[in-house]
Amino acid sequence: MPGEWHDVGPVDAASEDAPLTVKVGDREVGVYCLKGEYYALEDICPHAYALLSQGFIDGEEVECALHGAKFHIPSGKCTKEPGGRDLARYPVKQQGGRLYVKIG
Ligand code: FES
């Protein structure tokens, strides 16, 4: 898969209840940690404009703080409207205590 890996911070910057909010190039990305696994999702809610990583974590889902849409973190699937569509997912890896997200 083409694309570039981007260093988005130390591994402990994303915790179970506090995702990491980062900007990679012109994209907003939310990096989540669930049971020791990391996931990176498009961060702008497709419904209007809210950063999902600033929303509420409920199990494996994140709920948008603005109108309550929900998305499944491992798959990016919209599980509750008004999300409108699924979220783009990005590959994540850990290396040398840092987190990297692949974009492009
Ligand atoms: S902006 Fe996220 S549900 Fe409306």
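Which backbone nitrogen lies 3.3 Å from a polar atom of the side chain of E81? In this predicted model, local features require pLDDT of at least 70 and side-chain atom pairs pLDDT 80 or more, whereas totals for chains, interfaces and linings use all residues. Residues are numbered from 1 along each chain as its sequence is written, and side-chain values use heavy atoms, with hydrogens and water left out.

The backbone nitrogen in question belongs to G83. The side chain of E81 also reaches the backbone nitrogen of G84, at 2.8 Å. Both are polar contacts, that is, pairs of N or O atoms within 3.5 Å in which, within protein, one atom must be able to donate a hydrogen and the other to accept it; residues adjacent in sequence count only if both atoms are side-chain atoms. E81 is located in the loop between β8 (78-80) and β9 (89-90), strands being DSSP runs of E of at least two residues, numbered from the N terminus. Residues up to four places away in sequence aside, E81 touches G68 and A69, contact meaning heavy atoms within 4.5 Å. The C-alpha atoms of E81 and A69 are separated by 5.0 Å, with the two residues 12 apart along the chain.

Strand β9 runs antiparallel to β4, to which 2 bridges join it; pairing requires at least two DSSP bridges between two strands. Y90 in β9 stands opposite A40. Strand β4 (residues 37-42) also pairs with β3 (residues 27-34), in the antiparallel sense over 6 bridges, and L34 has E37 as its bridge partner in β4. The β3–β4 hairpin has 2 residues between its strands, and K35 in the turn adopts a positive phi of about 50°.

Notes
Helices (H or I, at least four residues) and strands (E, at least two) are DSSP runs, numbered from the N terminus.
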